[in-house]
Structures are given as structure tokens and as C-alpha cells.
Amino acid sequence: MSFQRQLRLGMVGGGEGAYIGNIHRLASRLDGAWQLVAGAFDVDPERGRAFAVSIGIDRARSYGSYQELIAGEKGRADRVDAVAICTPNFTHYPIAKALIEAGFDVICEKPLTATLEDALALERLARESGRFVGVTYTYSGYPMVHEARVRVAAGEIGKVRSVQVEYPLEWMATAIEQQGNAQAAWRTDPKKNGRGGSIGDIGTHAYHLAGFVTGLKVEALIADLATFVEGRALDDNAHVMLRYEGGARGLLWSSQVALGNSNGVRLRVFGETGSLQWFQEQPNELVFTPLGGRVQIIKRGADDLSEDAKVRTRTPPGHPEGYLEAFANLYAGFAEAIRARTEGREPGALGRNIPLAYDGLKGVAFVESVVDSAESAAPVWLTPVAT
Ligand code: NAD
């Protein structure tokens, strides 16, 4: 079966005033692969319906809840192909489960779920049902992150010794959750967010980014979580030491209280014969330093980049691409993977190396281990006596 038409997208969450839903709408539109045709955009049914109509969704497909969306779309000949879930963490599992059981493909926000139990169940459901479940780990959409992955895999920096990854933010440096900030309110509520505060919200991005680029699995970790803002129920700063398979070591830092950092995602990978560094506020550049050689800046759009980077590049060098294009690369990849499955062929480069349910599960398992480690009595901290 050939599948050349636009894919029809539905959305749950992402209503008036919400954050990530609008990024999904913009990103899904960029390459023309998707058309948003239906949605249950808000926890409040009336607001959701009104918002849908206000952004041009047919009134008949402007739903008050995800259950309504499923009931309304299920019997349509032109039903949605996939539904993007852009709601707070604790709702991902019930919404995704209902969609998958009704036969829809799913694009789910990270973290995949709020609990490990739900993540295990959802990943199993995805595998057994054969439905597509993509997870929007934003940073794996950037072409220069793909370039880094290809170069590490090709041995350009030799055996990896050390991985330094960080995701500092500043927007939760005060108790904004107590001052009416809706996004901060659910993020600091363990029942809605899950057990990991900064580590669940943004540490999961850092963890995925480091694993994506290096291909290494974490064998063990030890974590120190802190809550700096008084009255907050979850960590807002996390330091995690990682031991990777093969002996590499890692340090992961996530923080919601790091003043001066709007979105300072940074990855540095040090190998035996070179290093690579990427900073998301300058996403068009990858810094490569070979052993004994000069620091080199590899630019997005250059002729000698990998196929994986090239297929995720739209504009020539010097015309910067960024966040929306990276997010659009995820959507383009999801479309390619869904088309390939429907047509019974292997996906092209865009549809490979994309974040799927298992990557989502790994992220949630990581958060659980971090919180378990931080809460356990086992770690032993020694005070240096001779300093
Ligand atoms: P938000 O609070 O801004 O928006 C949540 C939206 O979901 C609201 O419109 C709300 O009305 C709606 N909603 C809640 N429950 C619903 C339900 N049962 N049915 C329909 N709509 C419902 O949240 P946000 O900051 O956009 O975060 C949403 C999700 O996206 C979270 O899982 C978060 O971790 C993730 N996120 C990912 C990235 C990324 O880089 N990939 C960035 C930000 C947020």
C-alpha cells in the first residue's frame, strides 16, 4: 500500500496558554507531511472545543476529551493516523493506552509516563500491538547531534572515556508554582509529574541525548538530588554520576534553578583520540578536537557531513536552523517511519534513529533509579580530611 498523502494528526492537550502543543503544531507543519485535523486540546471540554475552532479545526472534530476524540475518529474513513499527546506527564499513560487500543499511532511527550510501572506497560502495549509510538526527545532532532552520533560510531574520537551532559534552566528559581504558574504547578506535584522533579522534566532529555550520541548504556549511577526552593515537593537540581558499559564515566546535571540559563543543554564527549562538544544555544555547530590537532568547528550544512545530518537540514550554511526545525525533524522522522511500516519497507534515513517507546521507557527507568539512589541510605559520602 502506497502512502503518499499527508498524514492526519490529532492532538490531545496543547490548548490555550499551553506550551509544547504549539511547538508540535508548528513543527508538524514545516515539511507538509502532516495536517492537524482533530483535537481535544484542553482538560476543560468547552475551552478545548473553542480553542480547536479558533485554530481552524472543523467543529465536528473539535472534541471535549480524548475519549470523545477516539469515539469520533474511530469510525471515520478519514480518521487521524496518529495523535500527539501534549498533556502533563501523569495523563500520558491512560491517553496513550486508550489510543493504542483503539488502533491509533501515538506521538507522546517525554517523560513517557509518570511511573515506571506505566512506562513498562505502555512499552509492552506498543510492542505487542505494533502501533507506532514516537517520543519527542527534542534534542535528537538536531542535525549536528546526529552528526556527533555518526562520528562517535565511526570511531572518530576513539573509545569514549568521559561524557559530560547538562540541562540547566532558570525559570523555576523561585516558587512560581505558588504564584499561579500552571506549568510549574503540575511539574512540582509528584502525583502529576512523577517522582523526579528536574531530573524527570529535563534530566530525561540530557540522559537521552548522551545515550543517543555515544550509544553507551548506563551500568550504574549514584545521584544527589536537591530542592533549593522552599516548599517545593520535588528536586529542582540533580547531580548524577554515571558508569557506562565499557568503563566510560559520565556526569549529568539538570537544574531548574540555574540563573543565567534559558535553555543551556550541553553535551561534551571525550574519547581516547578526540572530543566532541555541542551546545543547543548554538545548535548549528559541533566542536571537534582530535588528539594533537586543532579545535575544529563543524558547521551544519557543510558538504562533507553525514547523510543523517544532511536529511535533517533544510537551509544552506549561514542561514541558522534551530529548535523548530529540530522538532520538525522528529515529525518528519515519525511520518517516514509510519509510511514505511504501511508500505512494508525499511524506513529511509529520516525514519531511522528516532526516539521510540523503548527510549521513553529507558528515560523513566533512569529517573526511577536516580530517585532511588538519592533516597537510599547506601551512598557513602566521605569528607576529605587533608584539604
Ligand atoms: P502545559 O501545562 O503548558 O499544557 C498542558 C495542556 O494539556 C493544557 O492545555 C491542558 O489543558 C491540557 N490537558 C491536561 N489534561 C488534559 C486531558 N486529560 N485532556 C486534554 N487536555 C489536557 O504543559 P507543557 O509545558 O506544554 O507540557 C506538556 C508535556 O510536554 C509534558 O509531558 C512535558 O514534560 C512535555 N514537554 C516537553 C518538551 C520537549 O522539549 N519535548 C518541552 C516542554 C514540555
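Is D105 buried or exposed? D105 is buried, because its relative accessible area is 1%, under the 20% cut-off. The model discussed here is predicted.

**Around D105**

D105 is found in strand 4, which covers residues 105-108. One, of 3.0 Å, joins D105 to the side chain of R131. Another, of 2.7 Å, runs from D105 to the side chain of R341. Beyond four places in sequence, D105 touches D81, A82, V83, R131, F132, I338 and R341.

How many residues of domain 1 are in contact with domain 2? There are 25, and they meet 23 residues of domain 2.

The two domains bury about 1900 Å² between them. Carbon and sulfur atoms account for 59% of that area. On the side of domain 1, L116, Y137 and N353 lose the most area to domain 2. Together they make up 31% of what that side buries.

Polar links also cross between the domains. The count is two salt bridges and seven residue pairs in polar contact. On the side of domain 1 that touches domain 2, the residues divide into 14 nonpolar, seven polar and four charged. D31 and R314 form a salt bridge, with the closest N and O atoms 2.9 Å apart.

Most residues other than glycine have a negative phi, and most peptide bonds are trans. N353 has a positive phi of about 55° and is not a glycine. N353 sits in the loop between helix 11 (323-343) and helix 12 (357-375). With a relative accessible area of 33%, N353 is partly exposed. The peptide bond from K110 to P111 is cis, and its omega is near -20°. P111 belongs to the loop between strand 4 and helix 5 (116-129).

**Salt bridges**

The count of salt bridges comes to 27.

| Pair | N to O distance |
|---|---|
| D78 and R61 | 3.4 Å |
| R266 and E166 | 3.9 Å |
| E285 and K299 | 3.8 Å |

Where do the partners D78 and R61 lie? D78 is in the loop between helix 3 (66-74) and strand 3 (82-86). R61 is in the loop between helix 2 (45-54) and helix 3, and the two residues are 17 residues apart. D78 is partly exposed at 28% relative accessibility, whereas R61 is buried at 5%. R61, E73, R76 and D78 are linked in a network of salt bridges.

The salt bridge between R266 and E166 links parts of the chain 100 residues apart. R266 is in strand 10 (residues 266-271), and E166 is in strand 6 (residues 160-168). R266 is partly exposed, with a relative accessible area of 29%.

E285 is partly exposed at 25% relative accessibility. K299 is partly exposed too, with a relative accessible area of 46%.

**A98 in helix 4**

A98 has its place in helix 4 (residues 92-101). A98 counts as partly exposed, at 23% relative accessibility. Leaving aside neighbours within four places in sequence, A98 is in contact with Y66 and I70.

Methods: Residues numbered from 1 in each chain as written. Predicted model: local features only at pLDDT ≥ 70, side-chain atom pairs only at ≥ 80, totals over all residues. Heavy atoms only, no water. Contact = heavy atoms within 4.5 Å. Buried area = accessible area lost by both parts, 1.4 Å probe. Salt bridge = Lys/Arg side-chain N within 4 Å of Asp/Glu carboxyl O. Polar contact = N/O pair within 3.5 Å; in protein donor to acceptor, adjacent residues only side chain to side chain. Nonpolar A, V, L, I, M, F, W, Y, C, P; charged D, E, K, R; others polar. Helix = DSSP H or I, 4+ residues; strand = E, 2+ residues; numbered from the N terminus. Buried < 20%, exposed > 50% of the residue type's maximum accessible area, 1.4 Å probe, protein only.
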